[in-house]
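Open the structure in your viewer and keep the selection tool at hand. The stops below go from the whole chain to single side chains.

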Amino acid sequence: YLLTATLLVDCALHRKGFIQWLFSRTWIRYLGNVSFSFYLYHVLALMMARYLLIRLDLANAPFHALLHLAVALAMTLALSTLSFALVEKRYFRAKH
């Protein structure tokens with residue numbers, strides 16, 4: 001793992017090519033910025049999505065799993081973005 005991770009980071013930082021192109025995309029950088037908050041809030045968002053689908057009487061729908069995934073992802077991204085903007089950015093600004 002260490003060798004693979006080292007080579008991946010080296011490719012992303014120092015070599016022109018697909019890996020550097022991929023990691024320089026705006027949406028990948030956005031996901032990197034909110035990844036810690038995403039980790040913190042994903043379980044809460046999964047539970048909230050489940051509750052919402054039950055309240056909307058969609059818990060037994062044939063497409064329930066995909067709907068649950070879509071709603072949970074949207075909620076997690078929303079919570080992560082808010083947390084990043086309101087907490088993490090302020091913390092990192094104050095730290096410097």
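Predicted model: local features only at pLDDT ≥ 70, side-chain atom pairs only at ≥ 80, totals over all residues.

Residues are numbered from 1 along each chain as its sequence is written, and side-chain values use heavy atoms, with hydrogens and water left out.

**The whole chain**

Show the chain as a cartoon. There are 4 helices and 0 strands. Both element types are DSSP runs numbered from the N terminus: helices are H or I with at least four residues, strands are E with at least two. The order from the N terminus is α-α-α-α. The radius of gyration is 18 Å, well over the 12 Å from the globule rule for 96 residues, so the chain is more spread out than a compact globule. That radius is taken over C-alpha atoms, and the rule is 2.2 Å times the number of residues to the power 0.38. Along the principal axes, the C-alpha trace spans about 50 × 35 × 25 Å.

The accessible area is about 7,800 Å², with 70% belonging to carbon and sulfur atoms. Areas come from the Shrake-Rupley method with a 1.4 Å probe, and for residues only the protein chains shown count as cover. Of the 96 residues, 17% count as buried. Buried means under 20% relative accessible area, exposed over 50%, and partly exposed in between.

**Helix H3**

Select residues 26-55, which form helix H3. Which residues make a nonpolar surface patch of about 340 Å²? Pick Val43, Leu44, Met47 and Met48. Patch members have over 30% relative accessible area and no salt bridge; nonpolar side chains (Val, Leu, Ile, Met, Phe, Trp, Tyr) are joined within 5 Å, like charges within 9 Å. A salt bridge is a side-chain nitrogen of Lys or Arg within 4 Å of a carboxyl oxygen of Asp or Glu. Methionine 48 is partly exposed, at 33%.

Next, leucine 46, also found in H3. Leucine 46 is partly exposed, with a relative accessible area of 37%. Leaving out residues up to four places away in sequence, leucine 46 touches His68 and Ala72. Contact means heavy atoms within 4.5 Å. Draw a C-alpha distance from leucine 46 to arginine 93: 31 Å, across 47 residues of sequence.

Move to aspartate 57, in the loop between H3 and H4. Its phi is positive, about 60°, although aspartate 57 is not a glycine. Aspartate 57 is exposed, at 67% relative accessibility.

**Helix H4**

Select residues 64-95 for helix H4. Is serine 83, at 10% relative accessibility, buried or exposed? Serine 83 counts as buried. Beyond its neighbours within four places in sequence, serine 83 contacts Ser37, Tyr41 and Glu88.

Show the aromatic rings next. The whole structure holds 2 aromatic pairs. In one of them, tyrosine 91 and phenylalanine 92 have ring centres 5.3 Å apart and planes at 70°, so the pair is edge-to-face. Rings of Phe, Tyr and Trp (its six-membered ring) pair if their centres lie within 6.5 Å; planes under 30 degrees apart are stacked, over 60 edge-to-face, the rest tilted. Tyrosine 91 is partly exposed at 49%, and phenylalanine 92 is partly exposed at 41%.

Finish at lysine 95, exposed at 57%.

Definitions and conventions. Buried < 20%, exposed > 50% of the residue type's maximum accessible area, 1.4 Å probe, protein only.
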